[in-house]
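Dear colleague,

My notes on it come directly after.

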Amino acid sequence: MAKFKVTETTHMSWTVADVDKALARFRDLWGFKVLAQIDGPADVCEVLTKVKDAPLKIGHMRTPDGHYVELIQYLGPRDKGRVRCRPCDTGAAHIALGVDDLDAAVAEAKTFGVELMNGVMELYDPGLEGVKACYLKDPDGIMIELIQWNRNGNPFHAM
Amino acid sequence: MAGFRIVDTVHSAFTVADLDKTLALFRDFLGCEVLVQDKGTPDVVETLTGIRGAPCKLGFVRIPGGHMIEFIEYEGPNDRRDLKARPCDTGAAHIALAVDNLDGALAGARKAGLTLYNKVVDIEDEGMKGVRSAYFKAADGLTVELIQWNAGGDPFKKMPKKN
């Protein structure tokens, strides 16, 4: 018998270089709502992560369908780096968003510096005909998958 | 006026080294539901990501409350690596899950394959007193934050729902 249970997902979170720029991008491009911006003290950060000398600027957002995404800007330490990840590297993450017009979204994303990683995939499998998907990478290295469903919608919702 | 709109959040996703181990962690320890296991073909991976020679194994997990996570184990290319990102590195990601009893989770975490980054933080701020949180690293390098709210619950989920 487990001594605890997971009750819900609190958020997905990414570390970004500039939280103000990243929040503006998620708000203006993807339509996320910015709920709060708060400062995280360096001592709390150290207790949680063992990373020293890192005060935080944190932004909380909600996706159009009610999930939560956190963006964190670490103001230190001096040797903080940048994850140069490919999707095949262990630890790489992405968020997948359903979109009503994938081609329009890809075109709009480009104007925000959010670039297509390769091509757009179209599915022809029975029941999934017409579904389109692509991977994008934004200026913070956050990978975003866009999926345009066909008239059957997201098959996982039916499970 | 944008020519499109986001209709839903389909999933969050992490690349892992050993899909079976990760699925066992999320199913047996974190109480999530494994919905589908599937295979990805190299041509699909290449179209989407530009990475060649990479068949992959996929697992879709539903977290209590309904959010979906996709875990992907790439079986190629040979030069794929382990990111070993620190939380301060731009592009690092984590997923935060709410639990009803953080001490209960701590008791079994190590055995389940989750190692504490450092320590539990107890929040003392006004209105947040009693909130506790801890960062864990899974064997696969995936970072999981577990949060125990106080009687007030998750403050963000009390905000007006309309975007």
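Predicted model: local features only at pLDDT ≥ 70, side-chain atom pairs only at ≥ 80, totals over all residues.

Residues are numbered from 1 along each chain as its sequence is written, and chains are lettered from A and ligands numbered from 1 in the order in which they are written.

Chain A contains three helices and nine strands, these being DSSP runs numbered from the N terminus (helices H or I, at least four residues; strands E, at least two). Their order along the sequence is β-α-β-α-β-β-β-α-β-β-β-β. The C-alpha atoms of chain A occupy a box of roughly 55 × 50 × 30 Å along the principal axes.

Between the chains, 75 residues of chain A are in contact with 76 residues of chain B, a contact being two C-beta atoms, placed from the backbone, within 7 Å. On the chain B side, strand 1 of chain B gives the largest share, 10 residues. That side comprises 43 nonpolar, 21 polar and 12 charged residues (Ala, Val, Leu, Ile, Met, Phe, Trp, Tyr, Cys and Pro count as nonpolar, Asp, Glu, Lys and Arg as charged, and the others, Gly among them, as polar).

Strand 1 of chain B also pairs with strand 5 (residues 93–99) of chain A, antiparallel and over seven bridges; pairing requires that DSSP finds at least two bridges between two strands. Within this pairing, B:A13 is the bridge partner of A:H94.

With kind regards
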